[in-house]
Amino acid sequence: MSTLTLSGINKRYDNGAHAVRGVDMEISDGELIVFVGPSGCGKSTLLRMVAGLETITEGEMKIDDLRINETSPADRDVAMVFQNYALYPHMTVFRNMAYGLSNRGMAKSEIEAKVRETAKMLRIEDYLERKPAQLSGGQRQRVAMGRAIVRSPKLFLFDEPLSNLDAKLRVQMRIEIKRLQRELGVTSIYVTHDQTEAMTLADRLAVINEGKVEQMGSPMDLYSDPKTLFVASFIGSPHINLLPARFETGQLQVGTTAISGFEGLPEGVPLMLGIRPEHIAQHPDGGIEISVDLVEQLGADSLIYGAVSGFDSAEPEELCVRAGEALQLTPGERIKLNFEVDRAMVFRTDSGERLV
Amino acid sequence: MKRVQFERSTVPYFFIAPQIAIIAVFFLWPAGQAIYQSFLLEDAFGISSQFVWFRNYEDTILNYAWLQSAGFTVIFSTLVTFFSLAIALLLAVKANEVLHGSSSYKTMLMWAYAVAPPVAGLMGNLMFNPFIGDLYAAMNAMGWDFNQKLDAFDAGFVVILISVWKQVSVNFIFFLSGLQGIPKGVMEAATLDCRSPTKRFWTITFPLLAPTTFFLMVINITYAFFETFGIIDTTTRGAPGGATNTLVYKVYTDGFLGADLGGSSAQSVILMLMVLALTVFQFRFIERKVHY
């Protein structure tokens with residue numbers, strides 16, 4: 001039961017790389033926070049700083065109002081689940097889980113009881129005498145979770161724990177992690193580059209880019225109300241459609257098409273129009289025309305990809321439309337589309353700032 | 001259990017024939033010769049010989065000089081193996097903390113390995129020379145009445161020091177690559193689980209290094225038993241009074257300098273049996289504790 005406060009956290013490496021730039025964050029008790037961002041954005045570094053595996057160059061980190069900058073990793077009372085599980089290969093599952101407890105001077109009988117209880121919760125009690133090499137990927141993942149849970153730490157840290165599992169198992173474990181975290185009520189940070197994982201797990205999401213937190217909020221907030229071009233393009237699958245545009249004489253010029261309904265945008269600067277695929281629909285009087293390239297049938301709905309008319313054919317702009325199953329199209333066909341102007345977003349291309 | 005039976009063919013034997021030939025010519029035949037010789041007693045001029053059954057063995061085992069030599073070999077091998085491994089491990093652990101795969105540095109640390117044992121012995125001989133040896137002077141300056149020519153302990157110290165110095169570098173490289181083979185995540189997980197670095201070393205690092213340690217132990221014992229011949233031959237030559245006479249060196253001095261081929265052969269057969277027993281022991285009892 002703990003809160004974590006980060007204020008002005010910076011990480012500079014000796015070679016001059018500035019991995020984390022001034023992160024401020026307040027994580028309340030029992031929350032599951034997901035750090036999401038492209039690889040190399042500093043999200044893992046930030047997590048490792050919380051764990052104590054990386055030093056903090058600047059700023060202050062507090063667990064329950066106690067400064068932990070100088071506290072050793074073992075004394076921070078945090079548990080981490082690593083990407084490659086990082087189980088101790090020479091120890092049995094039981095000893096893997098008991099190791100952290102016995103080092104903290106817990107009595108043998110108590111360790112035995114705690115390990116068995118945790119193993120039961122994770123359904124690994126049959127494997128306690130096995131070595132990690134004799135387990136499957138999913139089982140190892142459970143043991144890694146068990147090793148973290150058994151310690152009843154103040155914080156759980158997950159560093160891309162599912163990236164080594166196959167797709168089906170990943171979905172299964174994702175649900176399980178969420179359920180366990182709810183049950184145990186332990187404050188957690190989860191790092192991933194997979195935006196679907198991030199959206200489904202998070203209570204709150206921190207989108208990190210180039211060492212900075214671009215935006216933090218609930219998954220739906222970030223999806224429907226992104227503050228920057230980066231967040232808009234990173235969150236959502238399929239990706240948001242982005243079309244280069246200019247604002248001229250009260251209208252938004254997209255290629256050769258003029259779209260009305262936008263006001264007060266700066267003129268003469270490159271803009272980006274962002275529309276989510278589900279906010280576009282076929283309409284006989286639609287202002288945007290595409291020639292269909294590809295149709296992906298997903299069952300419940302289909303994704304239609306096509307090149308937008310009115311752009312130079314050397315640099316075509318692709319558009320993706322989420323349509324119902326009724327719509328049957330063949331490649332090469334031209335269709336007219338309309339979008340909901342009040343749900344569209346406009347960004348400045350240079351700064352990434354959202355204008356509408 | 002079911003076994004897959006392959007059709008028998010002579011082709012595989014052709015593939016291993018060169019290796020078999022090498023083993024036969026350079027190992028089996030000389031070993032057979034040694035066993036045969038060990039039952040013979042030659043006259044002083046090497047003209048005639050007579051079959052004496054186990055007389056040579058009796059003479060060997062009941063001989064004070066041989067027992068002294070065997071005792072020294074055991075102590076010498078134990079100390080050389082222990083110190084070469086311990087020092088190399090300590091250096092490797094310390095280097096691993098600061099070294100991040102800079103291979104040129106690692107290569108430099110390995111240079112001492114390129115020194116042949118006799119050369120190492122000669123260098124040691126110069127350093128412990130009573131007239132110009134810096135180490136000799138340093139030892140005496142520290143108040144240690146050091147003289148390897150007169151004192152058995154001092155002589156043992158010199159050969160052990162040189163043997164260890166020569167071997168530490170190769171052990172270091174193996175330990176270092178062993179350490180770098182331990183997944184970083186495992187060490188980090190241990191940092192979160194255990195506060196004390198010493199305890200982490202003995203519970204995580206050392207067990208994970210066990211395959212390397214076991215391999216090096218076998219190599220180092222062999223080194224101490226046999227390869228240190230060159231070092232002893234260029235420094236003490238078994239002096240004073242046979243105090244630094246290892247079994248291998250005694251085989252050489254008795255056989256080639258003393259011209260007692262029968263006795264020398266008996267000694268080498270006994271040495272062979274000792275090494276065989278030691279190897280069996282290592283693989284049966286120690287390797288079991290190794291986790292690969």
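Modeller: A definition comes first: two strands are said to pair if DSSP finds at least two bridges between them. The model is a predicted one. With that rule, six strands of chain A form an open sheet, and their order across the sheet is β6-β7-β8-β3-β9-β10. The pairing in this sheet is mixed. The strands β6 and β10 (212–217) of chain A stand at the edges and have a single partner strand each, so one side of each is left without a neighbour in the sheet. From one strand to the next, the twist averages 20 degrees.

Take the β6(A) side to begin with. β6(A) and β7(A) run parallel and are joined by four bridges. For a place to look, find A:Met80, which stands opposite A:Leu157 of β7(A).

Now take the β8(A) side. Strand β8 of chain A consists of residues 187–192, and five bridges join β7(A) to it. These two strands also run parallel. A:Phe158 has A:Tyr190 of β8(A) as its bridge partner, and A:Asp159 stands opposite A:Val191 of β8(A).

The burial can be followed on each face. On one side are A:Leu155, A:Leu157 and A:Asp159, and on the other are A:Phe156 and A:Phe158. Both faces of β7(A) are covered, and these residues are all buried. For chain A as a whole, 39% of the 356 residues count as buried.

Now step back to chain A. Chain A has eight helices and 20 strands. Its C-alpha trace spans about 75 × 45 × 35 Å along the principal axes. Chain A is divided into domain 1, residues 4–234, and domain 2, residues 241–348. Taken over C-alpha atoms, the centres of these domains are separated by 39 Å. Among contacts in chain A between residues at least 6 apart in sequence, 64% join residues at least 24 apart.

Another set of strands in chain A shows antiparallel pairing. Strand β1 (residues 4–12) and strand β4 (residues 58–63) of chain A run antiparallel and are joined by five bridges. In this pair, A:Leu4 stands opposite A:Ile63 of β4(A). β4(A) is also joined to strand β5 of chain A (residues 66–67), by two bridges, and this pair is antiparallel too. Here A:Lys62 has A:Arg67 of β5(A) as its bridge partner. β4(A) and β5(A) make a hairpin with two residues between the strands, and in this hairpin A:Asp64 takes a positive phi near 50 degrees.

Helix α8 of chain B (residues 184–193) has the buried residues B:Val186, B:Ala189, B:Ala190, B:Leu192 and B:Asp193. They cover an arc of only 160 degrees around the axis, which puts them on the same side of α8(B). What covers them includes β6 (78–81), α1 (43–51) and α2 (93–103) of chain A, together with α9 (197–227) of chain B. The contact between the chains takes 18 residues from chain A and 15 residues from chain B. On the chain B side, the elements that give two or more residues are α8 and α9. With seven residues, α8(B) gives the most to that side.

Conventions: Residues numbered from 1 in each chain as written. Chains lettered and ligands numbered in written order. Predicted model: local features only at pLDDT ≥ 70, side-chain atom pairs only at ≥ 80, totals over all residues. Buried ≥ 20, exposed ≤ 12 C-beta atoms within 10 Å, placed from the backbone. Arc of directions from axis to C-beta. Contact = placed C-beta atoms within 7 Å. Domains from an automatic or database assignment. Axes fitted to C-alpha atoms, helices over the stretch in contact; angles between N-to-C directions.
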